[in-house]
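Here's a short tour of one protein model, written for someone new to reading structures. Have a look at the sequence and the 3D view, then read on.

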Amino acid sequence: MAKKNGSIIYKCSSCGYTQPKWLGRCPECNEWNTLEEIIIDKNAVTPAGRGTEQVEKKKPVSLESIKTENKVRFSTGIEEFDRVLGGGATKRSAILLGGEPGIGKSTLLLQSASSFAKINKENQTVLYISGEESAEQIKDRALRLNVDCSKIQLLCTSRLEDSLDAMDNLKPSLVIIDSIQTIYSAEAGIIPGTVNQLKYCANEFISWVKERDSVLIMTAHVTKEGTIAGPKSLEHMVDTVISFEKNNEDIRFLHSQKNRFGSIDELGIFNMTEKGLISVVDPASLFLTKRKDSIPAGVSCCPVFEGSRVFLVEIQALTVPAKSSLSRVYSEKIDSGRVARIAAVIEKRCGLTFSDQDIYVNVAGGIRLNESSIDAAIAAALYSARVDIPLPNNTAIFGELSLAGEIRQVTKSSNRIKTAIQLGFTNIVCPEEDSNVQKCENIKEMVKILLKP
C-alpha cells in the first residue's frame, strides 16, 4: 500500500519475515502479534544500516515503562580530561572539542588515544581519523610525546565514506576525528567545511556511535571571537562541547560548555611541555603571583570554586584618568559589565568617583572568572587602585555585592576559608560567621577593615 512518504510493509520482530499486509500471526515462525509496521524510504538517513531503506515506524510509549541503565564510562587515561567529562567519556556519546590552531588539540587527543587503549580492555580499538595531517606528521608527534601507538589505527582521509567503512570494519571503541571541518561527502558536495557538509558528516558519525558502545571525539576550529566555527546546530547535535583555551604562558584550560552526562563547572588544567600536556592535579595556588615584597595597590586575592576544587586567584585593577569625555572599562577575563556595575556601586555607596576614570581589570594566570563570589574582591581591588593604597598582605576576600552595597554570602564558604588558610592567608574578609574571618556585611565595612580610612 503506497503512502505519501513511501511504501509500508510489515516485518516480524521475531524472525524478520516481511509481507505487505498485517496479520495477527506470522506465517514463518507462527508467533502472534509480532508483525510491526516498517516504512520503505529511499531518503532515510540510517548510517548504522547503510544500504537498506527500511525504517521502523516509531510509536509513543509510556515514559514510566522506560527502563534506565547506569551510563558506562570509558576513562581517557588523563585525569583532567576525565574531570571535565564528568568522570570519563560516556559510551555512545559524541564530544566536540574546540580550540585555537596550535593550542594542543591534536596533542591532547593523541595522548588520550594512547592512554585509552592502554588502560581499557585489550580488544578495544582506537581509530584516529585525520583530515589535516599526514601519517608521517602524526607519527613524528607520537615519537616526540613518547606515546604507545601499538593499539591506535590511523586513517588519513577527508572522505566520509572511507571513514565510515573503516569504522564498520574495525568497530572501534574510540573514534577521533581531527577535524570535522576537513571531512566531506559527495552526497553534500565536494567542498569541505560548508554548513551542509558539517551537519551531514557530523550526523553520520554521531548516528554510528549512538548505535554502538563507542565514543566519538571531534575537533573543531574556532573563530576570532573564540566560538566554534560552523553552524551552531553542530553544538546541539553532540552530547558534550569542550573548549580548549590558554593563557599567555604554557598553561592550558579545558572546560565544558555543554555536558549531558555531567557538570559543566569542572575545569581541567594542563601544563604544556616538550613531552606533551601534563595534568596539573593540585592547582590551588597556581594563579597566585609570588612576590618578595608587599603587594602593590589594586591587587586582591579571592578563593573561587571551579567544579569541585577551590583556587586562589589574583585580581588586578588599574584606574587612570579618561583620555576623553567617555570613560571605558577594559576587562578580558571578567565581564566588563560586572566591573562597571561594581564601580558604580562604589561610587554611589562610598563616594569615590570612577566616572572620569578608565578602568583596567585583569586576572593573573589568564583564568576566566564568572561566579558571583569575586564581586567583593573586584570592589577591593578597584578601591585600592583608585586611592593608590595597597591591601594588607595575606588577605583573601570573597562575597557577592548587591546594588545596595551589601556583601552577601556565597555557597561553599567553609571550603573557601579552609583552602585560603592552608595557603597561608591569615586575613580573610567575607560575610560569613566564622572564627577565622573578619565579617563584613556591606562595602563600607569592607573598606574600613581593609584600608582603615
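Helix α3 (residues 135–145) lies across β9, β10 and β16, and runs at about 145° to β10. Helices here are DSSP runs of H or I with at least four residues, strands are runs of E with at least two, and both are numbered from the N terminus. Angles run from 0 to 180 degrees between N-to-C directions, using lines fitted to C-alpha atoms, for helices over the stretch in contact.

Before going further, note that this is a predicted model: local features need pLDDT of at least 70, side-chain atom pairs count only at pLDDT 80 or more, and totals for chains, interfaces and linings use all residues. Residues are numbered from 1 along each chain as its sequence is written, and side-chain values use heavy atoms, with hydrogens and water left out.

So what do the strands build? Nine strands form an open sheet with mixed pairing, in the order β10-β9-β11-β12-β8-β13-β14-β15-β16. Two strands count as paired if DSSP finds at least two bridges between them. At the edges stand β10 (152–156) and β16 (276–279); each has a single partner strand, so one side of each is left without a neighbour in the sheet. On average, neighbouring strands of this sheet are turned by 25° against each other, direction ignored.

Zoom in on one pair: β14 (residues 251–259) and β15 (residues 267–273) run antiparallel and are joined by five bridges. F253 has I269 as its bridge partner in β15. Helix α2 also packs on the sheet, touching strands that include β8, β12 and β14, and its direction makes about 160° with that of β9 (126–130). Contact means heavy atoms within 4.5 Å.

How many cavities of 30 Å³ or more does a search of the whole structure find? The search finds two. A cavity is a set of points on a 1 Å grid over the protein atoms alone where a 1.4 Å probe fits but cannot get out, and lining residues have an atom within 4 Å of a point. Volume is the space filled by probe spheres set on the points, which are joined across faces, edges and corners.

| Cavity | Volume | Elements supplying at least two lining residues each |
|---|---|---|
| Largest | about 40 Å³ | α2 (105–119) and β12 (215–220) |

The lining of the largest cavity includes T76, F116 and V215, while R73, T240 and F261 are among the residues that line the second largest cavity.

Notes:
On a 1 Å grid over the protein atoms alone, a cavity is a set of points where a 1.4 Å probe fits but cannot get out, and a pocket is an open set with protein on both sides within 12 Å along at least five of seven lines; lining residues have an atom within 4 Å of a point.
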